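This briefing goes through the two chains shown below, beginning with the place where they meet. Please keep the sequence and the model in view while reading.

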Amino acid sequence: MKASARIVARTEPDDGATRLKTLAGEAPLLLRRTSPADPLAPARVHLVAGTAGPIGGDELRCTIDVGPGARLEVRSVAASVALPGPQRRASRMDIEAKVGERARLAWRPEPTIAARGANHRVRARVELSADAALVWRNELLLGRDGEDPGSVAARLRVVRDGRVLLDHEIAVGPEYPGSLGAGVAGGHRAVGTLLIVEPRWDRDPPKLAEPCDVVGGGCAVLRLSGPAVLITAVAPDRPTLSRLLEGATPA
Amino acid sequence: MSLIPLLLLADSDLPAGTHAHSGGLEAAVAAGRVCDAETLRVFLLGRLGSAGLTAAAFAAAAASQVSADRLALLDAEYEARTPSPAQREVSRTLGSQLLRVARAGWPGPAIDVAMAVHPQGPHQPIAFGVAAAAAGVDEYETAAAAALASVTGPANAANRLLTLAPDAVIAALAGLSAQVHLVATAAARVALGPAEDLPSVCAPVLDISAEQHATWEVRRFAS
C-alpha cells in the first residue's frame, strides 16, 4: 500500500493564531484536527491509523510544513504496530518536515512496535530555520507483549539554518546483527530518543539531568553541538521509557 | 603495494592512544551486561554494525578525497552523528593523536590539511582515512581496518576487564571476520557518495554508558 499525508500550518496575519491550511491524508494515514479551543494554543493534529500496519511492502509518506511563527503539535491516537508482509519486504515511512522562522513543531506520536518478523524503516528529515524550535519523540518497542522482537530502523536527520545538527539512526532487531545485545539495545525491549531544539539555549544553555540508571534501563541527556539535546533511553517497557524521556526533559 | 602500511595502521601497538579506550566495554562489564565470551561476542557484533559501520564509512570517505572542503564537510557530518559529548571529545583527541603518528610515518601536506579541520583535531575516523590515504591504502582496505578497529580495541580491553581465556578473545574476533568484511564492503560502497547519505547508525546503550563512564572517579580506561 502506498499512501501520503500532508499538513500545512500557517499563522493568521490578524491574530497570530495557527491555522491548518492543508490537512490531507489517505488510508492508512488519516489525519484529524484536534486543536484546543484556545485560538492562540498550538494547532494540533492526530494521526489515525486507517488500517492495520504498516505491513511489509507499505510505503507511507508524511510531509509537514510549519510556516513562520506557526505552532503545530502532531500526535497519534495509538501505537503503530509494524507487521511482516509478503516476501519479507520492508515497510517504509518517510517524513519530511520544514519549520519556518520563529515556528515550532512538536512531533509526539505513540510508539512504533516492531512485531515479530516485521522489518520497518522510518526516515525523517527536518529542516529548521535558525530560530525554529523542535520536539521530536521516537519510541521503539521490540515485539508486542511476550513476543519475539521484530526489526525497526529509525533515522532522524535535522538540518538547522543550512547546517546538519543531528543525524541519528537506531537500527534494532534480528535484521541487525548484534543489535539486541549489550552494545546497542542492551537486551532492552524499549528504546527511544527525544530531541529538543530550543533556539534560546544558544544564549542560555539549559541545566541537564545527570545520566541515570533505573532497574533494567538507563537514560542520558546528550548536549549536541548547537542549542539542542538528545535524550536517549532504554527500558524494559513503554511506561518506563516514556517516564525516562519526559523526566529528563530540561525545564 | 598497500598491505604493509595497512598492517602498520591496523597494529594495536600503533601509538595513537586507542589502547587507553575500551569502546564502552568497561561500562558494559561493570553493569554486568558483558560477563563471558558469548556476551562479549554479541557486544562486539553490535558495536561493529553500529559505531563500526559509521566509522568505516567516514574513514573510507575521507580516504577517497583529501581536500579541505570535503574533510570539513565530513567532520561536520560525523559531529552530527555523535550525540554523546564524551564520545565527541574522545574522537577528536584520538584523531589528533593519530595524525601525529601519521605525520611521523607518512609525512605530507594531507596531514596538515586534516589537522586544520578543527582546533582540537578532526574526528578519529576522518583522521584515520587521511592517514590511510597518505600511506597509500585504498578505500576498501581503509574501511576494513576501521571496521576491524571498532572491535579490536574493546577486544583487547576485554583481556584486562574479564577473566577469559586469552584464546576466547581471538576466537571471538576471528568469528567476526566475515561480518567485518560485509561492513567494510558496505562502507566502501557508500564512501564515494554524498556525505549526508553516509550511515549514522548509533548504539543507544553505548551513548548512555559513555556519559555515565565519563563521570566515574576510578576507571581503567578513558572511555
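In this predicted model, 34 residues of chain B are in contact with 32 residues of chain A, two residues being in contact if their C-beta atoms, placed from the backbone, lie within 7 Å. Because the model is predicted, local features need pLDDT of at least 70 and side-chain atom pairs count only at pLDDT 80 or more, whereas totals for chains, interfaces and linings use all residues. Residues are numbered from 1 along each chain as its sequence is written, while chains are lettered from A and ligands numbered from 1 in the order in which they are written.

- On the side of chain B that touches chain A, helix 3 (37–64), helix 4 (68–80) and helix 11 (204–213) of chain B each supply at least two residues; helices (H or I, at least four residues) and strands (E, at least two) are DSSP runs, numbered from the N terminus.
- Helix 3 of chain B provides the largest share of that side, with 9 residues.
- By residue type, the side of chain B that touches chain A divides into 17 nonpolar, 9 polar and 8 charged residues, where Ala, Val, Leu, Ile, Met, Phe, Trp, Tyr, Cys and Pro count as nonpolar, Asp, Glu, Lys and Arg as charged, and the others, Gly among them, as polar.

**Chain B**

- Chain B has 11 helices and 0 strands, and its radius of gyration of 16 Å is close to the 17 Å that the globule rule gives for 223 residues, so chain B is as compact as a globular protein of that length; the radius is taken over C-alpha atoms, and the rule is 2.2 Å times the number of residues to the power 0.38.
- The C-alpha atoms of chain B fill a box of roughly 45 × 35 × 35 Å along the principal axes, and 57% of its 223 residues count as buried, a residue being buried if 20 or more other C-beta atoms lie within 10 Å of its own, exposed if 12 or fewer, and partly exposed in between, with C-beta atoms placed from the backbone.
- Among the contacts in chain B with a separation of 6 or more, 82% are between residues 24 or more positions apart.
- Helix 8 (residues 139–161) of chain B has 23 residues and reaches 33 Å from its first C-alpha to its last, close to the 33 Å expected at 1.5 Å a residue, the expected span being 1.5 Å times one less than the number of residues.
- Helix 8 of chain B has a kink of about 30 degrees centred on B:Ala149, the bend at a residue being the angle between axes fitted to the seven residues ending there and the seven starting there; 18 of the 23 residues of this helix are buried.

**Nonpolar core**

- Of the 158 residues in the largest nonpolar core, B:Ala56, B:Ala131 and B:Ala143 touch the most other members; such a core is a set of buried Ala, Val, Leu, Ile, Met, Phe, Trp, Tyr and Cys residues joined through C-beta atoms within 7 Å.
- The largest share of this core, 17 residues, comes from helix 3 of chain B.
- Leaving aside its neighbours within four places in sequence, B:Ala131 is in contact with B:Leu9, B:Leu98, B:Leu99, B:Ala102 and B:Trp106.

**Chain A**

- The secondary structure of chain A comes to 1 helix and 18 strands, and its radius of gyration of 18 Å agrees with the value near 18 Å for a compact globule with 251 residues.
- The C-alpha trace of chain A spans about 55 × 45 × 35 Å along its principal axes, and 51% of its 251 residues count as buried.
- A:Val172, in strand 14 of chain A, is buried, with 28 other C-beta atoms within 10 Å.

**Backbone geometry in chain A**

- Most residues other than glycine have a negative phi, and most peptide bonds are trans.
- The peptide bond from A:Ala27 to A:Pro28 is cis, with omega near 5 degrees, and A:Pro28 is in the loop between strand 2 (18–24) and strand 3 (29–33) of chain A.
- The peptide bond from A:Gly53 to A:Pro54 is also cis, with omega near 15 degrees, and A:Pro54 lies in the loop between strand 4 (43–49) and strand 5 (59–66) of chain A.
- A:Gln87 has a positive phi of about 50 degrees although it is not a glycine, and A:Gln87 is exposed, with 7 other C-beta atoms within 10 Å.
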